[in-house]
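Subject: Handover of a structure

Dear colleague,

I am writing to hand over the structure shown below, together with a summary of what was found in it. Please keep it open while you read.

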2 protein chains.
Amino acid sequence: MKTPKKERQRLLINLLEEDPFLTDEDIAAHFSVSVQTVRLDRLECRIPELRERLKSVASQHMQKTVKSLQTEEIFGEIIEVELDDKALSIFDVTSDHVFMRNGIARGHHLFAQANSLAVAVLDDDLALTVRSTLHFEKPVRAGDRVVARAVVRQETLKNKSTVVDVISKVENVTVFSGEFLMYRTTKKGR
Amino acid sequence: MKTPKKERQRLLINLLEEDPFLTDEDIAAHFSVSVQTVRLDRLECRIPELRERLKSVASQHMQKTVKSLQTEEIFGEIIEVELDDKALSIFDVTSDHVFMRNGIARGHHLFAQANSLAVAVLDDDLALTVRSTLHFEKPVRAGDRVVARAVVRQETLKNKSTVVDVISKVENVTVFSGEFLMYRTTKKGR
DNA sequence: CTAAGTGTTATGACCAAGTGCTAATCTGAA
DNA sequence: TTCAGATTAGCACTTGGTCATAACACTTAG
């Protein structure tokens, strides 16, 4: 008996977590036991067959790709926009956004929300950030809902360079503020 | 004939892109044709069978999860660090990082690289960005390799607040510069 | 020593979702 | 009418399994 049954089943779980693509035959070879033994092990550990494993991995993938189109592309959900005037977005901070060591949100996520909002509020084919000044007022943690408000400085709107002020709050306390100097190419349409 | 063959095959490709989990039988029902017709269509379009489709979707997933642990956590690969002095990182811009409309990299990616580097160069349990001023000098595009250099202003090191200057270049041309005022909690160790 | 229990292996019937091949049928246009 | 292209059907075979049943090997308790 190479490895005792219990140990082998523990290893089996790890093995398939790492590589779910193995057939029973592969696994049998790996542990130098018969295919039937592998099947019994899977039965006991409630590990589904190869095809079912792939199905679940694939469906996780589908969920994630849908999610990433929302999460990564927009970075904060934009709630309302009044073009060339003001806009509002919310961003729910999760454990994905914080430093492991201290649980505080990485600055670039707050910046990303604010910057995306500054781009969105100017309805321009080519709105680019040229300069910006940021103030990280208070640390933000997982679970916080950050509400960002962007306001376009009207007196700058005639120019190609426009200033957008963004203030982000958690429960009505300012956690971040930024001033974004944006460059626009096309004139105001519509 | 419900839909002409060519049209049906076009739709088939879209259909499976959306939902790769359909069996030939499902597809046949969807188009009101026989299973054999579906098989011929798949053959012509070189679309693999269900099991192979899931296999490839699942393997994409495995690649992505590995990738995201590297990409999202570190944001630019840190090449060298001299603690409390200077650091260097590179970040390869891909089509994932640019605006679809104009192909220019989103500002927050450049910020993320610079900000991460500013955090990394101060070897502190709790190095937080307090304020920063950014200059987006030139647009960055997919394919560009951005090299960011962070330099710690030595005269600020005694304080809890330290200034880190970051300059990012593409082929030796400055595309971004930022001044990061960082807050540190623990005293200089080691 | 023998019987019982656990773990392992073997065997055969069956299933889902295919591939590959051959053959028959349908259909529209020349 | 004829003929090609599109469609459908049938059958043998493949993979990677399930399920049930049986036969060993080895240890241990009576």
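**Two helices of chain A**

In chain A, the axes of helix α1 (residues 5-18) and helix α3 come within 10 Å and cross at roughly 80 degrees. The angles that count as roughly perpendicular run from 65 to 115 degrees, and α1(A) and α3(A) are therefore roughly perpendicular to each other. Please note that this is a predicted model.

Which residues bring these two helices together? From α1(A), Arg8(A), Gln9(A), Leu12(A) and Ile13(A) meet Asp41(A), Glu44(A) and Cys45(A) in α3(A). Sorted by class, the contact of α1(A) with α3(A) has three nonpolar residues, one polar residue and three charged residues.

**How chains A and B meet**

The contact between the two chains draws on 27 residues from chain A and 27 residues from chain B. On the side of chain A that touches chain B, the elements giving two or more residues are α4 (50-74), α5 (107-121) and β3 (128-136) of chain A. Of these, β3(A) gives the most, with nine residues. By class, that side of chain A holds 12 nonpolar, 10 polar and five charged residues.

The strand β3(A) also pairs across the contact. Its partner is strand β3 (residues 128-136) of chain B, and the two pair in the antiparallel sense over five bridges. Within this pairing, Thr133(A) stands opposite Thr133(B) in β3(B).

**How the two copies are related**

In general, two copies of a chain are related by a rotation about an axis and a shift along it. The same surface serves both copies, as 100% of the contact residues of chain A recur in chain B.

Let us take DNA strand C and then DNA strand D. There are 13 residues around DNA strand C, and those that come nearest are Val33(A), Thr37(A), Thr23(B), Glu49(B) and Leu50(B). The elements that give two or more residues to this surface are α3 (35-45) of chain A and α3 (35-45) of chain B. Its largest share, three residues, comes from α3(A). The classes in the surface near DNA strand C are four nonpolar, four polar and five charged residues.

DNA strand D is surrounded by 13 residues, of which Thr23(A), Glu49(A), Leu50(A), Val33(B) and Thr37(B) are the closest. Again, α3 of chain A and α3 of chain B are the elements that give two or more residues. Which element gives the largest share of the surface near DNA strand D? That share, three residues, comes from α3(B). The surface near DNA strand D divides into four nonpolar, four polar and five charged residues.

**A hairpin in chain B**

Finally, please look at two strands of chain B. Strand β1 (residues 77-82) and strand β2 (residues 86-92) of chain B run antiparallel and are joined by five bridges. One of the pairs is Ile78(B) with Ser89(B), its bridge partner in β2(B). The hairpin of β1(B) and β2(B) has three residues between the strands, and Asp84(B) takes a positive phi near 60 degrees there.

Yours sincerely,

A colleague

Conventions
Residues are numbered from 1 along each chain as its sequence is written. Chains are lettered from A and ligands numbered from 1 in the order in which they are written. This is a predicted model: local features need pLDDT of at least 70, side-chain atom pairs count only at pLDDT 80 or more; totals for chains, interfaces and linings use all residues. Two residues are in contact if their C-beta atoms, placed from the backbone, lie within 7 Å. Helices (H or I, at least four residues) and strands (E, at least two) are DSSP runs, numbered from the N terminus. Ala, Val, Leu, Ile, Met, Phe, Trp, Tyr, Cys and Pro count as nonpolar, Asp, Glu, Lys and Arg as charged, and the others, Gly among them, as polar. Two strands pair if DSSP finds at least two bridges between them. A residue is near a molecule or strand if its C-beta atom, placed from the backbone, lies within 6 Å of it. Axes are lines fitted to C-alpha atoms, for helices over the stretch in contact, and angles run from 0 to 180 degrees between N-to-C directions. Angles under 35 degrees count as roughly parallel, over 145 as roughly antiparallel, 65 to 115 as roughly perpendicular and the rest as oblique.
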